[in-house]
Amino acid sequence: MSAVEEREPVPAASSAAAGGGGGAAMMMAAAAAAASGPSDPLHPAAAQAQELNHPELEEGPSSKKRARLEAESAAGSGSGSAGGGAAGGAAAGAKAGVEHKLEERLYSVLCCTVCLDLPKASVYQCTNGHLMCAGCFIHLLADARLKEEQATCPNCRCEISKSLCCRNLAVEKAVSELPSECGFCLKQFPRSILERHQKEDCQDRVTLCKYKRIGCPWQGPFHELTAHEGECGHPTKTGNELMEILDEMDQNHKKEMQLYNSIFNLLSFEKIGYTEVQFRPYRTDDFITRLYYETPRFTVLNQTWVLKARVNDSERNPNLSCKRTLSFQLILKSKVNSPMECSFLLLKGPYDDVKINPVIYHFAFTNENNETDYMPLPIIDSVECNKLLAAKNINLRLFIFQIQK
C-alpha cells in the first residue's frame with residue numbers, strides 16, 4: 001500500500017475524533033504526524049503536537065523577541081544619553097558651519113563687481129542694480145573720460161554716470177555689519193566698529209613712544225608701550241644730544257611755516273585778485289586725440305587770462321597708467337605795457353572735496369612771454385586725480401597777486 005492510500009482515512013478519523021473529545025483529537029494528530037513523517041518540522045500537525053506536549057514553548061519565540069527588543073531599546077536610550085554631549089557639540093559645529101557659509105555667500109553677493117572686494121565706504125549701483133565701490137566707480141568714469149568713451153557697467157554694459165547711478169544705502173548698512181578681521185589682533189569685528197577698535201581699543205595696535213618729540217624712534221604694540229616708556233633712554237639724554245634732535249625737527253617745521261608766511265605776506269599786497277575757474281574737457285586734433293582741459297577766458301586784475309591743463313604731461317595712453325597727474329599752465333591773453341610780475345596759486349573750489357596742497361608759483365608776464373610752463377597741480381595722489389577726471393568739469397579757485405616794484 002502506498003503512502004497516499006495510508007493518508008486518505010486520516011482526515012475522516014480526525015474529524016470523527018474531534019467530535020469525541022480533545023484526547024482523541026490529540027492522539028489522531030500524533031498518528032497523522034507519525035504517518036506523514038515525524039522528521040518534517042514544517043508539517044502543521046507536528047508543530048501542533050509539539051506545542052501540546054511542551055506547553056512551556058508556546059510563548060518562547062515571542063518572549064525572546066520581546067526581550068531582545070527591550071534590550072535594544074535600553075541600549076539605544078543609554079547610547080543616546082551617553083552621546084548627548086557629543087551630539088550637542090556636533091550641532092553647534094554644524095550651526096557655525098552654516099553661519100560661515102552664509103557669510104561667504106553674502107560676501108559674494110555684496111562685493112564690488114569691479115575689484116570683487118567688499119566696499120569700504122559708499123556703494124553705487126547702475127540702473128540694473130549691479131554694485132560698485134566708490135573707488136572703482138570713480139576710476140571707471142575717469143577711464144572713460146581719458147578714452148573719450150561713455151562709461152558703462154562692467155556687468156551689463158548699461159551707461160553709468162554720476163547722474164544715472166545712485167548710492168545703495170541698504171547694501172552699505174549690510175556690509176557694515178559683516179565681520180572683518182582686525183589687522184593687528186586678528187580678531188573678528190563688525191566693519192562698523194572695526195575702525196574705532198583699531199584706533200582706540202586694540203591692545204596690539206601700533207603706537208609711538210611719548211618721547212618721540214625728543215627723537216625716540218620706537219613703535220610697537222600698545223600693550224608694550226608702558227614697559228617701553230619705563231625703560232626708554234631718551235629722557236636721560238644730555239642737553240647736547242637733545243639739541244641735535246631738536247634742530248632737525250626745527251628745520252622740518254620751518255619748511256612748513258615758510259609756506260604759510262609767504263601766503264600771509266602775499267595777502268598784504270595792494271593788488272590781489274581771485275576767481276572761480278572751470279576747466280572743461282577737450283580733444284586735440286591729432287590722429288590719436290589727447291585729452292586736455294581749458295577754461296573760458298576770465299578777467300582778474302583788469303587783465304584777461306586762460307588756464308590750460310593736461311593729464312600725465314600729454315602721455316600717449318594715460319588710461320594705461322596707474323599713476324595719474326595733472327599739470328596746468330597760466331596764459332595772459334591781454335597786452336601789457338610793461339612786464340607784469342605775479343605770484344599765483346590754485347586751491348580747491350568751494351564745493352569740491354578734492355585735496356590740494358597749496359603751492360605758490362612766480363612768473364613775469366610780457367607780451368612776448370605770456371605763457372608759463374606746465375606746472376604740476378599739487379594734488380595728493382592718483383585717487384584725487386581720478387576724482388577730478390571723473391567730474392564733468394574741474395572747478396578750482398585761482399589767486400593772483402601782482403608784485404609792485
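Before I sort any residues, my rule: Ala, Val, Leu, Ile, Met, Phe, Trp, Tyr, Cys and Pro count as nonpolar, Asp, Glu, Lys and Arg as charged, and the others, Gly among them, as polar. Also noted: this is a predicted model.

Entry 1, the hole. I searched the whole structure and got one cavity of 30 Å³ or more. The largest cavity has a volume of about 50 Å³. What lines it? I wrote down Phe-279, Ala-309, Leu-326, Ser-327, Phe-328, Leu-377, Ile-394 and Leu-396. Sorted by my rule, that lining has seven nonpolar residues, one polar and no charged. Strand β12 (326-332) and strand β16 (394-402) each supply at least two lining residues, and β12 gives the most, with three.

In soluble globular proteins, nonpolar side chains tend to be buried together. Here the largest nonpolar core holds 37 residues, and Trp-305, Leu-307, Phe-328, Phe-344, Leu-398 and Ile-400 touch the most other members. Phe-328 was already on my list for the cavity lining. Another core, of 15 residues, lies apart from the largest one and includes Met-132 and Cys-153.

I checked β14 (residues 361-365): Tyr-361, Phe-363 and Phe-365 make up its covered face, while His-362 and Ala-364 are on the uncovered one. Phe-365 is also among the residues that Trp-305 touches. β14 pairs with β13 (residues 340-348) in the antiparallel sense, over five bridges, and Glu-341 stands opposite Ala-364.

How values were computed. Residues numbered from 1 in each chain as written. Predicted model: local features only at pLDDT ≥ 70, side-chain atom pairs only at ≥ 80, totals over all residues. Heavy atoms only, no water. Buried < 20%, exposed > 50% of the residue type's maximum accessible area, 1.4 Å probe, protein only. Helix = DSSP H or I, 4+ residues; strand = E, 2+ residues; numbered from the N terminus. Pairing = 2+ DSSP bridges. 1 Å grid on protein atoms, 1.4 Å probe; cavity = no way out; pocket = protein on both sides within 12 Å on 5 of 7 lines; lining within 4 Å. Points joined across faces, edges and corners; volume = space filled by probe spheres on them. Core = buried A, V, L, I, M, F, W, Y, C linked by side-chain atoms within 4.5 Å. Contact = heavy atoms within 4.5 Å. Lists of a residue's contacts leave out its neighbours within four places in sequence.
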